[in-house]
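This report walks through the fold, the strands at its centre and the packing around them. Keep the sequence and the structure open while you read.

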Amino acid sequence: MSAKSYPLVTIEEIRAAADRIANIAIKTPLIRAQFPRLSGHGTAKEIYLKAESLQPIGAFKIRGAANKILQLTPAEIECGVITYSSGNHAQGVAYAAREVGAKAVIVMPTNAPAIKRAATLAMGAKIVDVGVASSERLAKSDELVREHGYVVIPPYDDERIIAGQATCGLEIVDTLPSVDLVLAPSRAAACSPEWPQPLSS
């Protein structure tokens with residue numbers, strides 16, 4: 001069985017996403033980071049960090065969630081939205097859903113961080129608890145979609161989510177046109193006692 005493939009998101013779709021989410025996600029600054037022997041300090045290299053912690057939910061995940069939700073039809077908004085997430089994407093969906101007046105249901109593991117759970121609830125979302133396995137979240141989400149007809153706002157593997165997240169790149173190039181390399185996360189990873197050692201994929 002071959003893995004499912006997705007068409008590449010175009011620059012036009014990313015630019016359209018940037019315009020679409022402009023009233024929800026903010027343009028965050030680049031901050032020069034001084035790392036001994038890596039940047040600054042006479043190395044002739046500069047490393048900048050994108051301050052996505054300044055977003056309304058404190059994370060870049062608001063970009064993709066907003067881009068997806070802002071493209072829903074009125075009928076889909078009326079149905080409500082659902083996602084499966086333990087934190088940042090949950091908050092992004094809750095925030096964007098509140099902006100368009102959609103009900104938001106978040107399937108969360110029981111071990112989700114309390115601060116992220118509280119923030120998601122504060123934005124008016126309903127949380128459904130399941131076990132800690134990712135498969136349990138997805139299964140419960142599928143069950144609730146069948147029962148209630150919610151529209152799924154996946155945390156990844158969705159062209160509209162990807163285009164929204166990619167708006168970070170547009171801002172980086174606009175702010176720093178001479179940039180040589182941009183590194184961005186493709187998924188979230190929970191901190192562990194071993195962090196910052198490399199996490200397996």
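Contact here means heavy atoms within 4.5 Å. Helices (H or I, at least four residues) and strands (E, at least two) are DSSP runs, numbered from the N terminus. The model is predicted: local features need pLDDT of at least 70, side-chain atom pairs count only at pLDDT 80 or more, and totals for chains, interfaces and linings use all residues. Residues are numbered from 1 along each chain as its sequence is written, and side-chain values use heavy atoms, with hydrogens and water left out.

**Overall fold**

The protein has eight helices and six strands. Their order from the N terminus is α-β-β-α-α-β-α-β-α-β-α-β-α-α. Of the 201 residues, 38% are buried. Buried means under 20% relative accessible area, exposed over 50%, and partly exposed in between (1.4 Å probe, protein chains only). Among contacts with a separation of 6 or more, 60% join residues 24 or more positions apart.

How many of the six residues of S4 are buried? Six of the six are, so the strand is largely enclosed by the rest of the structure. Both faces are covered. Ala104, Ile106 and Met108 lie on one side, and Val105, Val107 and Pro109 on the other.

S4 pairs with two strands, S3 and S5. Two strands pair if DSSP finds at least two bridges between them.

| Strand pair | Sense | Bridges |
|---|---|---|
| S3 (residues 81-84) and S4 | parallel | four bridges |
| S4 and S5 (residues 126-130) | parallel | five bridges |

Ile82 stands opposite Val105 in S4. In S5, Val105 has Lys126 as its bridge partner. Met108 stands opposite Asp129 in S5.

From S4 the chain crosses through helix H5 (residues 114-122) to S5, and this β-α-β crossover is right-handed. Right-handed has a set sense: with the strands pointing away from the viewer, the path from the first strand over the helix to the second runs clockwise.

**Helices H4 and H5**

H4 and H5 pack at an angle of about 10 degrees, with their axes 9 Å apart. Axes are lines fitted to C-alpha atoms, for helices over the stretch in contact, and angles run from 0 to 180 degrees between N-to-C directions. From H4, Asn88, Ala90, Gln91, Ala94 and Arg98 meet Lys116, Ala119, Thr120 and Ala122 of H5.

**Nonpolar cores**

A nonpolar core is a set of buried Ala, Val, Leu, Ile, Met, Phe, Trp, Tyr and Cys residues joined through side-chain atoms within 4.5 Å. The largest one has 29 residues, and Ile69, Leu72, Val81, Val93 and Ile153 touch the most other members. Helix H2 (61-69), helix H4 (88-100) and strand S4 (104-109) each give two or more residues to this core. H4 supplies the largest share, six residues.

What does Ile69 contact, leaving aside its neighbours within four places in sequence? The partners are Val93, Ala96, Ala97, Val100 and Ile153. A second, separate core has eight residues, including Ile82, Tyr84, Val105 and Val130.

**Helix H8**

In helix H8 (residues 167-175), Thr167, Cys168, Leu170, Glu171 and Ile172 are buried. The buried residues of H8 pack against helix H1 (11-20), strand S1 (30-33), strand S2 (47-50), H2 and helix H7 (159-165).
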